[in-house]
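Please examine the sequence and the structure shown below before reading on. The paragraphs that follow proceed from the domains to annotated sites, a helix pair and individual residues.

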Amino acid sequence: MINVNDVIEMEIKDTGHNGEGVGRIDGFTVFVEGGIPGDHLKVKITKVKKTYGMGRMIEIMTASPNRTEPRCPIADVCGGCQIMHMDYKGQLEMKRKRVEETLARIGKIETTVHATLGMDNPYEYRNKAQFPIGVMDGKAILGFYKKGSHEIVDTEYCHIQSPINETIAKVMKHYIDSFGVTVYDEKKRVGLLRHVITKVGFTTGEVMVVLITNGKQLPHKKELIDLLIEGVKGLKTVAHNINEKNTNVIFGSKTKTLHGEGYITDYIGDLKFNISPQSFFQVNPMQTKALYEKALEYANLTGEENVLDIYCGIGTISLFLAQKAKKVYGVEVVEAAIEDAKHNAKINNLNNAEFHVGKAEEVVPQLYKEGIRTEVVVVDPPRKGCEESVLETIVNMEPKRVVYVSCNPATLARDLAYLEEHGYKTQEVQPVDMFPHSSHVETVVLMSRVDK
Ligand code: SAH
């Protein structure tokens, strides 16, 4: 029997969804933040629930061979990276194992999971940053929220972001301090500047800066733009978004372009994308390419096949596959994303992609009724996975191959189990590391139809 405040020694065997260490004491599961598999720890129990407990690490008795000093000095206070204290090799293996165990436990699918596809340099990979702005001792601070709070940690350099952010942060602080611009206070709801958003095109070097204000006017606009042009290499666009609401949502509804065209351009492989202040774009473009190349390999297209891409977002996978397919149908619920998808098809001269807006669970059965059948179906659903009606329609469409791109191993396991019960067999399972130092796991799976 374990009680709160007990001090015990334990081995960490696994990692939980949020990157915390997991161990067992007499069969009872205990989660320990900061623990990694292979650690032998002294832990103080902080919470005991019916089926699990939580503990705080008080001493590392023997460190896991994968334990390492995080490159970032604020890794343990910042909410951004959960597993930077694990070496990269350990992170990749942990993600692979998580997929393998989840498929076996939830889906009863016993299969070999390939080694996680990682990055050569797992740093500076993010192309988008959101800095809340605050003030400390009369000076502007910019950085990230502390874990589980809205207190800002002042950081000019984040190791997973593009290094250009450091320059942008310096310019912004200089602007705020020299012109006495006020910053937003969430509690009192006063002050002007709320957030700075930056986006970078990794292949083009183009940079966008978006300022979010609680108020319609941006003082010393001209001076700010000049400072940014002078200081930020590759600056292409500056935009201003107004958000006067008392909300955690970052963007307000109105955006004005202050400098440039209002968008930047980037590429994934040969495909070109225009990225505007609020449009969605994958945050790790290098690994996105690796992921889509895997999806393309699994789709095994010769140019004769039709493809259905369900949950297609701005059409990135659809267009990637359209380069090798006869025709691609994309389905997505967000109307603005479908507009972007159509625009992206146009700027890439791809006219064999057709996009449908609506809920997959309504649109896909409708397409089936209209007689649409494709050799390949790709799904890339949100965390909750596919609705059963979507899976049922896929089964009825009898595609030869299903390529499942997943950001949640648990719902992946559930959905693969459904497809296995209905005539499909899991052939390949490939985790891809889209977010080094975080506990997120992305997986691409190939299933093929078993001949009847
Ligand atoms: N494949 C895309 C993004 C996938 S993210 C890419 O690679 O960029 C999952 C997408 O599913 C989101 O765009 C989300 O808006 C969409 N979505 C969520 N629920 C949906 C539903 N019920 N029907 C259709 N699309 C949905």
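What are the helix and strand percentages over residues 1–59, and how far apart are the end C-alpha atoms? Over this stretch the chain is 0% helix and 58% strand, and 22 Å lie between the end C-alpha atoms. Helices (H or I, at least four residues) and strands (E, at least two) are DSSP runs, numbered from the N terminus. The model is predicted, with local features requiring pLDDT of at least 70 and side-chain atom pairs counting only at pLDDT 80 or more, while totals for chains, interfaces and linings use all residues. Residues are numbered from 1 along each chain as its sequence is written, and side-chain values use heavy atoms, with hydrogens and water left out.

Residues 1–59 carry the UniProt annotation "domain: TRAM", taken from an unreviewed entry. UniProt positions are given in the numbering used here, feature names are shortened, and annotations may be inferred rather than shown by experiment. The domain assignment of the chain gives domain 1 (7–62), domain 2 (92–120 + 284–449) and domain 3 (128–275); such bounds come from an automatic or database domain assignment. The centres of domain 1 and domain 3, taken over C-alpha atoms, are separated by 39 Å.

The annotated sites come next. For "active site", the unreviewed UniProt entry lists Cys407. This cysteine is located in the loop between β20 (401–406) and α9. Cysteine 407 counts as partly exposed because its relative accessible area is 23%; buried means under 20% relative accessible area, exposed over 50%, and partly exposed in between (1.4 Å probe, protein chains only). Leaving aside neighbours within four places in sequence, cysteine 407 is in contact with Pro381, Pro382, Arg383, Val441 and Glu442, where contact means heavy atoms within 4.5 Å.

The UniProt annotation "binding site", also from the unreviewed entry, covers Gln282, Tyr311, Glu332 and Asp380. Is glutamine 282 buried or exposed? Glutamine 282 is buried because its relative accessible area is 14%. Its place is in the loop between β15 (271–275) and α4 (285–299). Not counting residues up to four places away in sequence, glutamine 282 touches Asn127, Thr288, Tyr292 and Met434.

Glutamate 332 belongs to strand β17 (residues 327–332). With a relative accessible area of 12%, glutamate 332 is therefore buried. Beyond residues up to four places away in sequence, glutamate 332 touches Tyr311, Cys312, Gly313, Ala337, Ile338, His356, Val357 and Gly358.

At 43% relative accessibility, valine 357 is partly exposed. Not counting residues up to four places away in sequence, valine 357 touches Glu332, Val333, Val334, Glu335, Ile338 and Val363. The C-alpha atoms of valine 357 and asparagine 248 are 28 Å apart, and these residues are 109 residues apart along the chain.

Lysine 326 is found in the loop between α5 (316–322) and β17. At 47% relative accessibility, lysine 326 is partly exposed. It touches Gly303, Glu304, Glu305, Asn306 and Asn352, not counting residues up to four places away in sequence. Between the C-alpha atoms of lysine 326 and asparagine 214 there are 49 Å, with 112 residues separating the two along the chain.

Two packed helices are described by the angle between their axes and the distance between the axes. Helix α8 (residues 388–397) and helix α9 (residues 409–421) have axes that come within 10 Å and cross at roughly 35°. Axes are lines fitted to C-alpha atoms, for helices over the stretch in contact, and angles run from 0 to 180 degrees between N-to-C directions. The crossing of α8 and α9 is right-handed; a crossing is left-handed if the near helix is turned anticlockwise from the far one by less than a right angle, and right-handed if clockwise. Glu388, Leu391, Glu392 and Val395 of α8 make the contact with Asp415, Tyr418 and Leu419 of α9.

Finally, the backbone deserves attention. Most residues other than glycine have a negative phi, and most peptide bonds are trans. Arginine 189, however, has a positive phi near 60°; this residue is found in the loop between α2 (164–179) and β10 (193–200). Asparagine 349 likewise has a positive phi, of about 50°, and is found in the loop between α6 (335–347) and β18 (353–357). At 67% relative accessibility, asparagine 349 is exposed.
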